[in-house]
Amino acid sequence: MPAITFASRHEESPTCSHAAGTAPFDYLPKSSLDRLHKINHFLIHAFQNSISVIQENLTGTYLFLLADTNGVLLSMNYSSDLKTVVEHSPIRPGMFFTAQSCGVNAISVTMDSNEPVVLLPEQHESPYFQSWHCYAAPLFMGSQHVGYLDVSTINADMQGELIAIAKLIPAYMQNCYQSQQTAELCDKPTVEFTERQLTILEMIAGGLTVKAIALKLKIKECTVNHHKKVIFNKLGVQSSTEAVSIASRMSYV
């Protein structure tokens, strides 16, 4: 799918309070970010591995960003000449790249359009990003939408190379992601669930609340909570989101 250049749509966007840099950006609390990293550890590892392979052939100045489906920055990588710049910037894991947090940016636009996007420096609302030529696109592992990829450079002459690089990264990530999943499934002992536990696990994956599960199965809410606790213990997790993520990788849901 060809990238769309975000020009005319920028003029129609409402001004964000963060655009002038007068308000702080939004960040996920550390405890929440730690849980998010645990859930997405395969994805983050695949991203970093892929960048390390591609960086061997790069000579320009690049910034690579990986965000989850909510626009939260999970991981980043950049050329060595950007170390000081990045360390003194607000960009760090846990930062929300939504328009509400940091103004219109490539990730926020691709979140809205669900299409690859090219954003020029002057089209960013925040002055922090107004030196960057950015390409961002939705990221898929197989048919599953897992987040967003952003590749940026400060060199306008490298925009074509930028897009080519960004299109290579998902293929590298896909291979690494699948290899990690296969290896973990081979090493991880099979978890045994009762039929009732599997049913409840599937309902949790379907987004049902404890109350809804109890009504559907005609059991008490405390019974559902007991089953959830047992399921979490067997999977070694502390939340429904983590349980669904790991159970999905193990093909239970």
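**Loops, a packed helix and an enclosed strand**

Modeller: Asn 114 is partly exposed, at a relative accessible area of 45% (buried is under 20%, exposed over 50%, partly exposed in between; 1.4 Å probe, protein chains only). The model is predicted, so to speak of local features requires pLDDT of at least 70 and side-chain atom pairs 80 or more, while totals for chains, interfaces and linings use all residues. Numbering starts from 1 along each chain as its sequence is written, and side-chain values rest on heavy atoms, without hydrogens and water.

Asn 114 sits in the loop that links helix 6 (106-113) to strand 4 (117-119) (DSSP runs numbered from the N terminus: helices H or I, at least four residues; strands E, at least two). Its phi is near 60 degrees, a positive value in a residue other than glycine. Lys 218 also has a positive phi near 60 degrees without being glycine. Lys 218 belongs to the loop between helix 9 (210-217) and helix 10, and it is exposed, with a relative accessible area of 73%.

With neighbours within four places in sequence left aside, His 227 is in contact (heavy atoms within 4.5 Å) with Arg 196, Gln 197 and Ile 200.

Six of the six residues of strand 2 (residues 62-67) are buried, so the strand is largely enclosed by the rest of the structure. Tyr 62, Phe 64 and Leu 66 are buried on one side, and Leu 63, Leu 65 and Ala 67 on the other, so that both faces are covered. Strand 2 pairs with strand 6 (residues 144-153) in the antiparallel sense, over six bridges (pairing requires at least two DSSP bridges). Within that pairing, Ala 67 has Tyr 148 of strand 6 as its bridge partner. Strand 2 also runs antiparallel to strand 3 (residues 73-78), with five bridges joining them. There, Phe 64 has Asn 77 of strand 3 as its bridge partner. The hairpin of strand 2 and strand 3 has five residues between the strands, and Gly 71 in this hairpin takes a positive phi near 85 degrees.
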